[in-house]
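Dear colleague,

I am handing over the structure we spoke about, and my notes on it follow below. Please read them with the coordinates open beside you.

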Amino acid sequence: MSLIKWIDFQTLGDERGSLVSIEQGKVVPFEIKRVYYIYRTAEGVSRGYHAHRNLQQVAICLVGKCRMVLDDGVTREDVWLDCATKGILIEGGMWREMHDFSEQCVLLVLASAPYDEADYIRNYEEFLAITRQSRIATSLQC
Ligand code: T46
């Protein structure tokens, strides 16, 4: 099963241009507690390189493009974010990296919880150990 889970937002466009509305309880599968955006990323810079223990997020590239890598400890996939009407769902326990930001890229992120540094796993070896443990625990339940 692919790690890439898209969420499509309806465009409410008319002759004046386009509009996307994101309402609590519709389309986004969690309560939105925080919104942030990443912009003016310098050329050649990559971001991310961490996982979250519990946080769920939806990332939408409003302008320009960037490449998102998702890794669940077993599989690694990458995808271009380049469409203002499509968001990618990033669930907990997923390592993420962002690369190849275009100059104008604006990446909007909807998050299920306030900022909490304790929810971050910033060391890849620690991330692999945690995901291995959770796979063992899941297989013992079956
Ligand atoms: C993620 C990817 C997609 C805050 O104080 N509050 C916030 O809400 C956020 C998101 C960050 N910060 C601080 C923490 C750092 O000192 O801002 C600084 C930059 O954050 P970070 O290095 O974590 O940024 P990215 O681009 O590597 O990762 C961010 C999010 O942190 C992360 O949750 O999934 O975007």
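**Aromatic pairs and the ligand shell**

There are five aromatic pairs in the structure, which, please keep in mind, is a predicted model. One of them joins Tyr 37 and Tyr 39, whose ring centres are 5.7 Å apart and whose planes meet at 45°, so the pair counts as tilted; an angle under 30 degrees would have made it stacked, and one over 60 edge-to-face. Of these two residues, Tyr 37 is exposed, at a relative accessible area of 53%, while Tyr 39 is partly exposed, at 45%. Elsewhere, Trp 95, Tyr 124 and Phe 127 are linked by ring pairs into a cluster.

Two tryptophan rings also have a lysine charge over them: the charged end of Lys 65 sits over the ring of Trp 80, 4.7 Å from its centre, and that of Lys 86 sits over the ring of Trp 6, at 5.4 Å from the centre.

Turning to the ligand, 13 residues surround it, and the closest are Arg 34, Arg 47, His 52, Gln 57 and Tyr 120. By type, the shell consists of five nonpolar, four polar and four charged residues. Oxygen atoms of the ligand lie 2.6 Å from a side-chain N or O atom of His 52, 2.7 Å from a polar side-chain atom of Arg 96 and 3.1 Å from one of Arg 122. On its own the ligand has 650 Å² of accessible area, of which the protein covers 68%. Two or more shell residues come from each of β2 (34–39), β3 (47–52) and β8 (95–99), and β3 gives the largest share, with four residues.

With best regards

Technical notes:
Residues numbered from 1 in each chain as written. Predicted model: local features only at pLDDT ≥ 70, side-chain atom pairs only at ≥ 80, totals over all residues. Heavy atoms only, no water. Near = heavy atom within 4 Å. Polar contact = N/O pair within 3.5 Å; in protein donor to acceptor, adjacent residues only side chain to side chain. Areas by Shrake-Rupley, 256 points an atom, 1.4 Å probe, with all protein chains shown as cover. Nonpolar A, V, L, I, M, F, W, Y, C, P; charged D, E, K, R; others polar. Phe/Tyr/Trp six-rings, centres within 6.5 Å; stacked < 30°, edge-to-face > 60°. Buried < 20%, exposed > 50% of the residue type's maximum accessible area, 1.4 Å probe, protein only. Lys NZ or Arg CZ within 6 Å of the ring centre and 35° of its normal.
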